[in-house]
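Open the model in your viewer and keep the selection tool ready. Each stop below says what to select and what is there.

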Amino acid sequence: MLINVSQLLKEPIGSSRSYKIDEVISAGEGESRPVRGKVDMVRTDRGILVAGELRTEVELTCSRCLGRYTTPLTMQFEEEYVPTVDVFSGAPLPSPEEPTPFTIDEHHIIDLDEAVRQYTLLTIPMKPLCREDCAGICAECGKNLNEGPCGCPQRAMDPRWAALNKLIQP
């Protein structure tokens with residue numbers, strides 16, 4: 001997702017542009033996915049503030065049943081991109097005092113791919129579930145219990161838990 005911002009860099013602080021995004025980006029490991037949404041860019045005193053809301057889908061592994069599933073993600077992000085080259089003279093600019101991971105390249109192009117990749121990783125749930133009522137896998141044989149019960153014999157309840165078991169029985 002490359003966007004040329006040379007004209008926006010020449011405008012006064014507070015100038016803005018909006019862009020619709022509908023592209024396919026590489027997610028690594030040969031996987032590509034469509035990303036759609038809108039980004040707004042505002043000229044700041046240091047560079048360009050990019051804010052947007054994007055939607056995509058990712059393939060995850062359920063943390064209970066270990067099955068693969070696809071889930072939609074909506075990510076909101078806001079990052080400031082700083083130029084590395086002066087837009088008028090072409091002279092290199094000094095690096096900002098605080099570290100910034102996002103820069104505008106020497107051709108005045110913003111590449112949103114890395115920001116989208118990072119925000120996608122932040123949006124993925126820590127414990128992904130294929131569905132809320134996922135039954136998981138059998139601890140003995142490893143069968144996916146969403147597909148039906150396994151043939152393992154029922155284990156006897158530890159007698160030390162009998163008093164607590166009475167609380168959940170009707």
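Start with two strands: select β4 (residues 48–61) and β5 (residues 68–83), which run antiparallel and are joined by 14 bridges. Strands, like helices, are DSSP runs numbered from the N terminus (helices are H or I, at least four residues; strands are E, at least two). Two strands pair if DSSP finds at least two bridges between them. Now pick threonine 61: its bridge partner in β5 is arginine 68.

A word on the source: this is a predicted model, where local features need pLDDT of at least 70, side-chain atom pairs count only at pLDDT 80 or more, and totals for chains, interfaces and linings use all residues. Residues are numbered from 1 along each chain as its sequence is written, and side-chain values use heavy atoms, with hydrogens and water left out.

β3 pairs with β2 in the antiparallel sense over 11 bridges. Serine 26 has serine 32 in β3 as its bridge partner. On to β4: eight bridges join β3 to β4, and these two run antiparallel. They form a hairpin with four residues between them. Aspartate 40 stands opposite alanine 51 in β4.

Move to serine 15, in the loop between α1 (6–10) and β2. Is serine 15 buried or exposed? Serine 15 counts as buried because its relative accessibility is 14%. Its side chain makes a polar contact (a pair of N or O atoms within 3.5 Å; within protein, one must be able to donate a hydrogen and the other to accept it, and residues adjacent in sequence count only if both atoms are side-chain atoms) with the side chain of glutamate 11, at 3.4 Å.

Last stop: asparagine 144, in the loop between α2 and α3 (162–168). At 17% relative accessibility, asparagine 144 also counts as buried. A polar atom of its side chain lies 2.9 Å from the backbone nitrogen of asparagine 146.

Notes: Buried means under 20% relative accessible area, exposed over 50%, partly exposed in between (1.4 Å probe, protein chains only).
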